[in-house]
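Here's a quick briefing to read alongside the model. Have the sequence and the 3D view open as you go.

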Amino acid sequence: MNESVPDGATPQESTSYCAPGPGPQPETTTVGPFAACVLCQEPTEYPESTKGITLCPVCAWQEAERQSCSG
């Protein structure tokens with residue numbers, strides 16, 4: 001079943017079976033110390049004071065691939 005988006009409608013307005021987009025991201029920092037990735041323990045772009053799950057760019061990319069819709 002292939003549904004198209006009506007003229008003038010944005011993709012958010014159309015019916016979608018995919019999960020909503022990513023939530024808000026913590027602010028990045030350019031000075032250390034950096035928080036460790038919860039999956040691979042590599043340094044992330046976030047300061048150590050960041051609460052919640054912190055992922056390095058590689059693990060964040062892989063997690064997004066796992067959660068994305070497949071056609």
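This is a predicted model: local features need pLDDT of at least 70, side-chain atom pairs count only at pLDDT 80 or more; totals for chains, interfaces and linings use all residues.

Residues are numbered from 1 along each chain as its sequence is written, and side-chain values use heavy atoms, with hydrogens and water left out. The chain has 1 helix and 2 strands, running β-β-α from the N terminus on.

**Overall layout**

- Helices (H or I, at least four residues) and strands (E, at least two) are DSSP runs, numbered from the N terminus.
- Of the 71 residues in the chain, 11% are buried; buried means under 20% relative accessible area, exposed over 50%, and partly exposed in between (1.4 Å probe, protein chains only).
- Among contacts with a separation of 6 or more, 6% are between residues 24 or more positions apart, where a contact means heavy atoms within 4.5 Å.
- The accessible surface of the chain comes to about 6,100 Å², and 55% of that belongs to carbon and sulfur atoms. These areas come from the Shrake-Rupley method with a 1.4 Å probe; for residues, only the protein chains shown count as cover.

**Cysteines**

- The disulfide count is 0, going by the rule that a disulfide is a pair of cysteine sulfur atoms within 2.5 Å.
- Take Cys37: its closest cysteine sulfur is in Cys59, and at 3.7 Å that's too far for a bond. Cys37 itself is buried, with a relative accessible area of 1%.
- For Cys40, the closest cysteine sulfur is in Cys56, 3.6 Å away, and again that's too far for a bond. Cys40 counts as partly exposed because its relative accessibility is 31%.

- A search of the whole structure turns up 1 salt bridge, meaning a side-chain nitrogen of Lys or Arg within 4 Å of a carboxyl oxygen of Asp or Glu.
- The partners are Glu63 and Arg66, whose closest N and O atoms are 2.7 Å apart.
- They sit 3 residues apart in helix H1, so about one helical turn separates them.
- Glu63 is partly exposed at 25% relative accessibility, while Arg66 is exposed at 53%.

**Loop between S1 and S2**

- Gln41 is found in the loop between strand S1 (34-36) and S2.
- What stands out in its backbone is a phi near 70°, a positive value in a residue other than glycine. Most residues other than glycine have a negative phi.
- Gln41 counts as exposed because its relative accessibility is 54%.

**Loop between S2 and H1**

- Thr50 is in the loop between strand S2 (43-47) and helix H1 (57-67), and at 18% relative accessibility it counts as buried.
- A polar atom of the Thr50 side chain lies 3.0 Å from the backbone oxygen of Pro47.
- Ile53 is in the loop between S2 and H1 too, but Ile53 is exposed, with a relative accessible area of 70%.

**Nonpolar surface patch**

- Val38, Leu39 and Ile53 form a nonpolar patch on the surface, with about 320 Å² of accessible area together.
- Patches are made of residues with over 30% relative accessible area and no salt bridge; like charges are joined within 9 Å, and nonpolar side chains (Val, Leu, Ile, Met, Phe, Trp, Tyr) within 5 Å.

Note on methods: A polar contact is a pair of N or O atoms within 3.5 Å; within protein, one must be able to donate a hydrogen and the other to accept it, and residues adjacent in sequence count only if both atoms are side-chain atoms.
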